[in-house]
Amino acid sequence: MSLVVAVGAGAGVGIGAGQPFCYRGRSSRRVRLFTTRAALVESRPRVVPAAVTVRDGNNNNNNSQLIYRKGLDRAEDIQAEARAMARAANATVYSPQLLALKYNSRPIKVLRRTLQILIALGSFGLKLAVDQRNGVLDQNKRLRATELRRIFTRLGPTFVKLGQGLSTRPDICPPEYLEELSELQDSLPTFPDEEAFACIERELGLSLDSIYSSISPQPIAAASLGQVYKAQLKYSGQIVAVKVQRPGIEEAIGLDFYLIRGLGFLVNKYVDIISSDVVALIDEFASRVYQELNYVQEGQNARRFKKLYADKEEVLVPDIFWDYTSGKVLTMDWVDGVKLNEQAAIEKQGLKVLDLVNTGIQCSLRQLLEYGYFHADPHPGNLLATPDGKLAFLDFGMMSETPEEARSAIIGHVVHMVNRDYEAMARDYYALDFLSRDVDVSPIVPALRNFFDDALNSTVSELNFKTIVDGLGAVLYQYPFNVPAYYALILRSLTVLEGLALYADPDFKVLAASYPYFAKRLLTDPNPYLRDALIELLFKDGKFRWNRLENLLVQGKKDRDFSAKDALQPVLKLLLAPDGEELRNLVIKEAVRVNEAFVLGTVMDTYNSIPDLMRTLMFNGNATGPLMMSDSERESMIGLRDQVLRIWFLLQSSENFDPALLQPILQVLQQPEARSLGGRVIGGITQRLAARLLQQVLRIPATASATTL
């Protein structure tokens with residue numbers, strides 16, 4: 001049996017196979033517990049029913065015990081959170097000005113740290129160069145990967161976080177490096193237990209004996225910013241994880257960011273190829289890391305995340321215990337789970353890795369594009385598969401937000417990419433805040449066309465996220481883009497997610513898995529920006545592209561939140577809006593074509609159902625039957641009718657489809673604008689069929705303008 005523990009302290013960490021851990025309370029009684037997989041998960045106190053069955057790590061019913069816990073009502077919960085906030089009132093915040101004042105007067109300390117970093121990384125780079133020169137680069141990959149992991153560990157939390165990010169990028173690092181760097185999420189040095197226990201008592205103002213009936217004598221997990229103990233709350237018997245911050249962490253991180261920020265100034269000044277404000281990006285990342293040092297803030301992040309995204313049954317965001325949380329101590333639920341990149345262990349539990357990856361993708365899309373509040377650090381130690389198939393999100397220290405305008409612009413950008421509308425793609429950069437409105441985007445269009453025409457030669461679903469990022473990156477470097485800080489965190493989040501997906505399936509395509517969400521949003525979201533994007537997708541050169549609508553419905557139905565009602569009503573409202581005259585003209589034209597296809601298709605079906613002898617007698621042996629049209633025209637008309645029928649059947653087959661859903665649509669159609677629109681459609685159909693009838697009577701060959709479908 002093995003124990004794997006994921007910790008919300010910037011990383012997940014693990015204990016080797018077959019190792020037990022113990023609790024020790026005041027009586028010094030030792031209790032041996034073995035668990036198959038275990039995870040620590042953070043959020044706020046939950047209300048537990050009067051009687052709850054809690055199992056040990058083996059989920060063994062024989063060892064279960066019945067405990068009683070009185071739930072906290074909302075008012076008590078708020079008061080407990082307020083007390084936690086008061087305990088964290090003096091938490092450190094990121095201030096580049098204060099760091100400059102502090103370290104400008106300490107040149108020796110700064111020089112010592114600079115030399116430490118340069119010597120460590122420089123010696124590693126020199127070894128790689130020697131390996132390459134001697135032709136043993138591949139043979140020494142494992143050795144060098146182990147050395148790099150140890151270097152990052154020695155250099156401290158800032159470089160540990162760098163290594164954690166690299167450990168999820170199989171497109172950047174060879175497998176040997178991925179395996180070694182992934183241990184930065186599992187196996188980090190601990191600090192003395194006496195310091196941790198003293199920190200708990202100092203931060204909470206209570207003795208350990210008054211808080212816990214038992215607590216593990218050694219940490220069961222260590223991460224970049226803290227280490228974790230497993231304990232049992234005295235007042236309730238609840239099994240919890242207690243995360244304690246590393247001593248002196250602010251000093252270590254502060255000095256590193258002071259040095260990195262200085263490097264950013266040099267890049268801004270001397271590296272012309274990078275047009276973004278590197279210092280601003282560093283400040284954004286540093287502020288996020290400093291937020292991770294405030295565990296009360298992390299608990300509040302978890303509560304907000306749970307409120308927004310844990311409404312889905314497959315997503316788990318457990319609870320924080322506010323009365324036992326402060327700026328440097330976080331108490332949270334303990335939840336069984338397996339890290340998402342441990343494919344064999346997940347499949348051993350009867351779960352499918354790709355199902356969990358898809359859950360993560362859909363939740364991430366909601367984070368980035370629906371509410372805008374997203375987890376900016378989803379490495380494997382922060383995403384766990386629970387035994388019941390849920391995906392548990394951990395570590396809410398690093399969060400960010402996507403501006404509302406940018407959320408719609410990102411979806412529109414994908415639509416414009418599909419349409420190869422590079423002019424519109426270039427204009428999207430205004431909404432994304434990449435460019436100021438006074439910048440001319442016309443020179444950018446050829447660069448976009450050069451990249452995406454090649455990239456889209458296959459299909460969009462075959463593109464991976466890295467391909468798009470690399471292509472856009474080449475464009476960004478050539479033109480005066482200023483990449484906003486939130487976008488850098490989005491890239492980090494999505495590339496990490498794609499890296500996790502590639503662990504499960506090297507051929508996995510994040511964009512293909514994202515299609516259902518994009519299709520649902522386009523079809524159902526009343527946002528004006530998205531409605532315009534949908535019209536651009538469906539209409540081209542004055543013609544309606546039924547194949548695009550059919551594809552959107554096929555993909556949208558794969559999203560469990562898709563609603564046929566939501567897909568129909570907003571479109572009709574847009575159609576009948578005062579400024580919708582241009583769209584109405586297009587719809588009228590298309591409605592006439594569709595009705596003509598149904599009427600003439602019915603005539604052709606009826607003709608084909610008549611026995612051959614009767615057809616000969618009725619039409620004097622005319623091989624063309626009652627309608628004078630070419631074979632290609634006949635096939636096109638039947639194809640249009642069949643495609644419209646397929647679309648209708650797709651709507652009907654939606655899980656939540658009910659004829660009653662059409663009632664709001666009928667109400668919309670009763671508006672004066674709708675009655676006028678219907679009259680124009682009927683008039684167009686009448687004229688078209690009359691022309692057809694006259695053509696058949698006179699047996700005039702159809703002209704191109706009359707027969708184009």
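Is Asn-294 buried or exposed? At 16% relative accessibility, Asn-294 counts as buried; buried means under 20% relative accessible area, exposed means over 50%, and partly exposed is in between (1.4 Å probe, protein chains only).

A few notes before the views. This is a predicted model, in which local features need pLDDT of at least 70 and side-chain atom pairs count only at pLDDT 80 or more, while totals for chains, interfaces and linings use all residues. Residues are numbered from 1 along each chain as its sequence is written, and side-chain values use heavy atoms, with hydrogens and water left out.

**View 1. The whole chain.** Here we have 28 helices and 20 strands; both are DSSP runs numbered from the N terminus, helices being H or I with at least four residues and strands being E with at least two. Of the 709 residues in the chain, 52% are buried. The average pLDDT (the predictor's confidence in each residue, from 0 to 100) is 75, and 69% of the residues score at least 70. Residues 1–72 have a pLDDT below 50, and this stretch has 232 contacts in the model beyond near neighbours in sequence; contact means heavy atoms within 4.5 Å.

**View 2. Around Asn-294.** Look for Asn-294 in the loop between helix H10 (278–292) and helix H11 (295–309). Leaving aside residues up to four places away in sequence, Asn-294 touches Ala-88, Ala-91 and Gly-327.

**View 3. Strand E11 and its partners.** Seven of the seven residues of strand E11 (residues 239–245) are buried, so this strand is largely enclosed by the rest of the structure. Ile-239, Ala-241, Lys-243 and Gln-245 point one way from E11, with Val-240, Val-242 and Val-244 pointing the other way. Strand E10 (residues 226–233) runs antiparallel to E11 and is joined to it by seven bridges; two strands pair if DSSP finds at least two bridges between them. The two form a hairpin with five residues between them, and Gly-237 in the turn has a positive phi of about 80°. E11 also pairs with strand E13 (residues 329–335), in the antiparallel sense over five bridges, and there Val-244 has Val-329 as its bridge partner.

**View 4. A four-stranded open sheet.** The strand order is E12-E17-E16-E14, with mixed pairing. Strands E12 (315–316) and E14 (338–339) stand at the edges with a single partner strand each, so one side of each is left without a neighbour in the sheet. E12 pairs with strand E17 (residues 391–393) in the parallel sense over two bridges, and Leu-316 stands opposite Ala-392 in E17.

View 5. A salt bridge is a side-chain nitrogen of Lys or Arg within 4 Å of a carboxyl oxygen of Asp or Glu, and the whole structure has 23 of them. Glu-250 forms one with Lys-328, with the closest N and O atoms 3.7 Å apart. Glu-250 lies in helix H9 (residues 249–270) and Lys-328 in the loop between E12 and E13, so the pair ties together parts that are 78 residues apart in sequence. Lys-306 and Asp-319 also meet in a salt bridge (2.5 Å, N to O), with Lys-306 in helix H11 and Asp-319 in the loop between E12 and E13. Lys-306 is partly exposed at 29%, whereas Asp-319 is buried at 2% relative accessibility.
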